[in-house]
Amino acid sequence: QVQLLESGGGLVQSGGSLRLTCAASGSADSFYAMGWYRRAPGKQRELVATAISGGSTNYADSVKGRFTVSRDNAMNMVYLQMSSLKSDDTAVYYCFVNQVVGDKSYDYWGQGTQVTVSS
């Protein structure tokens with residue numbers, strides 16, 4: 001069982017920056033993917049950014065060029081640096097981990113951290 005704890009959310013003005021942090025229990029060696037989803041009010045969940053164990057990253061088109069995801073396997077951490085924030089980025093952000101053990105895959109989620117961007 002992997003537990004995830006997010007931090008770093010808050011209120012920021014449009015154009016500002018925030019850094020989200022997620023600490024994971026367990027061994028990051030078994031974490032194939034680490035990243036972030038978000039859910040805005042009245043909208044479906046959106047995959048924001050993913051950091052794959054081999055070093056590649058993926059982003060939603062809506063955040064490309066503004067957000068950067070990174071992971072620290074030694075510390076079992078994943079980060080989301082958010083810049084040039086817009087009101088549309090207002091959402092609850094959830095850290096996730098996809099763990100692969102043998103031939104089995106498990107998904108874990110954090111409790112979420114609120115990001116509010118004021119215009």
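Trainee: What do glutamate 46 and arginine 38 form with their side chains?
Mentor: Their side chains meet in a salt bridge, 2.7 Å from N to O. That term stands for a side-chain nitrogen of Lys or Arg within 4 Å of a carboxyl oxygen of Asp or Glu. This is a predicted model, where local features need pLDDT of at least 70 and side-chain atom pairs count only at pLDDT 80 or more, while totals for chains, interfaces and linings use all residues. Residues are numbered from 1 along each chain as its sequence is written, and side-chain values use heavy atoms, with hydrogens and water left out.

Trainee: Is arginine 38 buried or exposed?
Mentor: Arginine 38 is buried, at 6% relative accessible area. Buried means under 20%, exposed over 50%, and partly exposed in between (1.4 Å probe, protein chains only). Glutamate 46 is partly exposed, at 25%.

Trainee: Which side chain does aspartate 89 meet at 3.0 Å?
Mentor: That of arginine 38, again in a salt bridge. Arginine 38 is in strand S4 and aspartate 89 in the loop between S8 and S9, 51 residues apart. Strands are DSSP runs (E, at least two residues), numbered from the N terminus.

Trainee: And what about arginine 66?
Mentor: Arginine 66 has a salt bridge with aspartate 89, at 2.8 Å.

Trainee: New topic. In what order do the four strands of the open sheet come?
Mentor: S1-S3-S8-S7, with antiparallel pairing. Two strands pair if DSSP finds at least two bridges between them. S3 and S8 are joined by six.
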